[in-house]
Amino acid sequence: MAKKPGPRPSKLSVYLYIPNIIGYIRVLINIVAFYLCFRNKILFSVLYFFSFVCDAVDGWCARKFNQVSTFGAVLDMITDRISTACLLVILSQVYRPGMIFLSLLALDIASHWLQMYSTFLLGKASHKDVKDSTNWLFRAYYGNRMFMAYCCVSCEVLYLLLFFLSENQTEKLMDVLASSFQKISVVSFLLATTLFGWAIKQIVNIIQMKTAADVCVLYDIDKKQKQ
């Protein structure tokens, strides 16, 4: 005997899902963090990283309480992208050449936006569903939570370290990195361990952008053939 579907949740109840409430809290934390970023670098770094950790917490809550939602997934991605974008803009103002960070910002937004759009074209439930991809690194990134978490954490920690190391608005990026690596310290160790994960994430972003663009082009070709 087929199981009867449960009562339809109200629109308000979806907005008030536990993971979505955590998402709203993340937004507020980021607002406070960026307001304080030049006044208190330590507090900014703590708040920013705490917001980043909450991204994993709301995902766990969504699965634990069966409150997975499309709105929650979009809220998470928007919060992540805006947070990283704001930090990259700040880094572009305190380091020279600033274009490096603006280019990373453009790559991050373009690759994720294209990936989300191509996901909807293919009718997939999640942008992380890349099991049919022919690229092994792309599949490994989204297929292994620990590997993806390492790359994402590495990226954010590296950006936070660079912001923490900046002393004025005329810093040369390569000079700061070279100076940090010349010293044996916790900072130099963190820089070394995060650079690899950061590099992998940028490569994945490039692969993601190209793969998603191919999906859009093939969709157009199929659409024309059916006319």
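Predicted model: local features only at pLDDT ≥ 70, side-chain atom pairs only at ≥ 80, totals over all residues.
Local features need pLDDT of at least 70 and side-chain atom pairs count only at pLDDT 80 or more, while totals for chains, interfaces and linings use all residues. Residues are numbered from 1 along each chain as its sequence is written, and side-chain values use heavy atoms, leaving out hydrogens and water.

Let's start inside. The largest nonpolar core has 27 residues; a core here is a set of buried Ala, Val, Leu, Ile, Met, Phe, Trp, Tyr and Cys residues joined through side-chain atoms within 4.5 Å. Buried means under 20% relative accessible area, exposed over 50%, and partly exposed in between, with a 1.4 Å probe and protein chains only. Among the residues with the most contacts inside this core are Phe 44, Leu 87 and Leu 162. Which helix gives the most to this core? That is H7, with 8 residues. Helices are DSSP runs of H or I, at least four residues, numbered from the N terminus.

Take Phe 44: leaving aside neighbours within four places in sequence, Phe 44 is in contact (heavy atoms within 4.5 Å) with Ala 33, Phe 34, Cys 37, Leu 87, Leu 160 and Phe 163.

Now, His 127. This residue sits in the loop between helix H5 (99-122) and helix H6 (136-143). Is His 127 buried or exposed? His 127 counts as buried, at 16% relative accessibility.

Finally, Phe 71: its place is in helix H4 (residues 70-94), and it is partly exposed, with a relative accessible area of 32%.

Terms used. Helix = DSSP H or I, 4+ residues; strand = E, 2+ residues; numbered from the N terminus.
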